[in-house]
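Please have the sequence and the coordinates open as you read.

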Amino acid sequence: MRFVVDSNVEKLGRWLRIAGFDAAYAGNMDDNRLVRLALDQGRILLTRDRGILKRRVAVGGRLRVVFIDRDGTGAQLRQVFSALQLSAAMRPFSRCAECNTSLLPKLKDEVGGLVPPYVYRTHEQYMQCPDCGRVYWRGTHWERMVKELEAAAEPA
Ligand SMILES: [Zn+2]
């Protein structure tokens with residue numbers, strides 16, 4: 001299941017990427033290009049823009065859209081998880097939160113100098129984005145985010 005995320009739910013997209021889902025960010029793309037991208041790449045469009053729901057492609061069902069009606073990223077994440085039954089497919093930290101690229105596992109030796117010394121001393125396993133070079137590790141920040149995701153994945 002792949003997504004494209006409208007600029008009005010940008011943070012939601014970031015959290016979906018942290019959960020491991022392919023969630024492309026549309027930036028300031030206009031609605032026509034956004035819809036085109038979703039159709040061309042078979043992505044589900046996440047938006048708070050009611051105008052898109054009224055388009056023929058959406059009404060006819062060719063474009064899959066989830067209209068986000070909740071406020072706050074946590075509630076929005078819960079809405080998407082529940083609407084699309086995503087919980088079982090969640091793979092936290094397999095995808096770069098910034099650029100949506102799949103992360104690659106790295107050995108400790110390969111990330112020396114790229115992470116703070118304390119992190120380097122205390123962690124053995126790392127993931128790196130081959131695109132932007134960002135390095136991820138299972139620190140306290142990671143654990144906190146996984147807890148948030150698990151909370152969102154629980155049925156209400
Ligand atoms: Zn990246």
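How many bridges join E1 to strand E2 (residues 22-25)? Four bridges do, and the two strands run parallel.

## About the model

This is a predicted model, in which local features need pLDDT of at least 70 and side-chain atom pairs count only at pLDDT 80 or more, while totals for chains, interfaces and linings use all residues. Residues are numbered from 1 along each chain as its sequence is written.

Strands (E, at least two residues) and helices (H or I, at least four) are DSSP runs, numbered from the N terminus. Two strands count as a pair if DSSP finds at least two bridges between them. In this pair, Arg 2 stands opposite Asp 22 in E2. From E1 the chain crosses through H1 to E2, a right-handed β-α-β crossover; right-handed means that, with the strands pointing away from the viewer, the path from the first strand over the helix to the second runs clockwise.

Helix H1 covers residues 10-18, and Lys 11 has its place there. Lys 11 is partly exposed because 13 other C-beta atoms lie within 10 Å. The scale used here is buried for 20 or more other C-beta atoms within 10 Å of a residue's own, exposed for 12 or fewer, and partly exposed in between, with C-beta atoms placed from the backbone.

In H2 (residues 31-41), the residues Leu 34, Val 35 and Ala 38 are buried. They share a side of H2 because they cover an arc of only 95° around the axis, taken from the directions from the helix axis to the C-beta atoms. Asn 32, Arg 33, Asp 40 and Gln 41 are exposed on the other side of H2.

The buried residues of H2 pack against strands E1 (2-5) and E3 (44-47), and against helices H3 (50-53) and H4 (56-59); contact here means C-beta atoms, placed from the backbone, within 7 Å. After H2 comes Gly 42, with a positive phi near 60°.

## Helix H5 and its buried face

Helix H5 (residues 73-84) has 12 residues and reaches 16 Å from its first C-alpha to its last, close to the 16 Å expected, a span defined as 1.5 Å times one less than the number of residues. Which residues of H5 are buried? They are Gln 76, Leu 77, Val 80 and Phe 81. Seen down the axis of H5, these fall within an arc of 135°, so they line one face of the helix.

Among the elements covering the buried residues of H5 are H1, E3, strand E4 (65-67) and helix H8 (140-153). Just after H5, Gln 85 takes a positive phi of about 50°.

How values were computed. Contact = placed C-beta atoms within 7 Å.
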